[in-house]
Amino acid sequence: MTSQVSTRRRFLKGLSCLALAGCAAFSDTVADEKQHTRSVRLPRIIMANEKPLVFNVVLKKDGGYQGKRDQIFGLAQRYFAEHVGVNVRFDFYDSVGAIPESAQEARKVIELFADEVRAKHPMGVEMKHEIDRSRKERADLLAKIDDSETKKELIEFEQENRALESDVVDKTMGYQDLRARINLCGFCKIGGRDAYVVSGSLAHQVGGLALSDEDLVKQRAKDVCHEIGHSFGLLDTHKDEKIREYVRPGMPNLMSYQGNNVGDGFGFTLVPSQIDLIRKKVGEEVK
Ligand SMILES: [Zn+2]
């Protein structure tokens, strides 16, 4: 009994040292000597930034977020504070144009309807950029060729190539539109300053019918935090070999596509390496 108690003390002491070293503190369960579990609240986390990192949030008047705005963003703010140890603040505006000059520099979270995604989705923009780049490369190459026969042949080939590229762009753009209507809940370029959440997708409509009010708030908060996670440089877990999909059974990782359902507490979690990355990024940006 005594040795078990001291083992437990050593365990807790070790954990609080970790927290003091800058790791995120968390509320977790540990097995006690009677094989029961009990909740252990660890010392308060040391925040990576004192001054809050501000996000300008622009929501639709009749979108999926407005009605539960304060619960959703309140949960997101608490998650970052209590689990990650970064201080964020959400300021709300009716439109991007309503953001005052003095606040223009801040990061943004913008809600779009599924129909609006096509024009904004960075995948489309990135693909167009990639195509423009390769077209320029080919044009530069063509300019260096002197032989007229070869040149003629390559110009014909280039025309075919362009037609094919346009076709691919058209089809993919259409696919993105469809994807947004079905299941795209948000998007953000890795390291980008603006994060988008999408409402009006089938996933959101079904969620609205199938989930309890509490889980719906968690689900939306997860979408917000997921996209903000991308803006801090986190990858989706299926694109990140170092991170397992699930940390604990029934508790989806914030950056995982799996687990549309949410777990207990905040409903989602991050592994220490993901937390470290966010803390580093925010710490560099705001003191
Ligand atoms: Zn993602």
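Helices (H or I, at least four residues) and strands (E, at least two) are taken here as DSSP runs, numbered from the N terminus. The structure is a predicted model, in which local features need pLDDT of at least 70, side-chain atom pairs count only at pLDDT 80 or more, and totals for chains, interfaces and linings use all residues. Residues are numbered from 1 along each chain as its sequence is written.

A residue counts as buried if 20 or more other C-beta atoms, placed from the backbone, lie within 10 Å of its own, as exposed if 12 or fewer do, and as partly exposed in between. Phe92 is partly exposed because 15 other C-beta atoms lie within 10 Å. Two residues are in contact if their C-beta atoms, placed from the backbone, lie within 7 Å. Leaving aside residues up to four places away in sequence, Phe92 touches Val57 and Leu59. Val109 is 17 residues from Phe92 in sequence, and their C-alpha atoms are 9.5 Å apart in space.

Strand S4 (88–93) is also one of the elements against which the buried residues of helix H2 pack, alongside strand S3 (53–58), helix H7 (213–231) and H8. Helix H2 itself covers residues 69–84, 16 residues in all, and spans 21 Å from its first C-alpha to its last, close to the 22 Å expected at 1.5 Å a residue; the expected span is 1.5 Å times one less than the number of residues. Among the buried residues of H2 are Ile72, Phe73, Leu75, Tyr79 and Phe80. Just after H2 comes Gly85, with a positive phi of about 80 degrees.

The pairing of H2 with H7 can be followed residue by residue. On the H2 side, Gln71, Ile72, Phe73, Leu75, Ala76 and Tyr79 meet Val217, Lys218, Arg220, Ala221, Val224 and Cys225 of H7. The residues of this contact divide into 9 nonpolar (Ala, Val, Leu, Ile, Met, Phe, Trp, Tyr, Cys and Pro), 2 charged (Asp, Glu, Lys and Arg) and 1 polar (the others, Gly among them).

Finally, Gln258 lies in the loop between strand S9 (251–252) and helix H8 (272–285). Gln258 is exposed, because it has 11 other C-beta atoms within 10 Å. Gln258 and His238 are 20 residues apart in sequence, while in space they are 9.3 Å apart, C-alpha to C-alpha.
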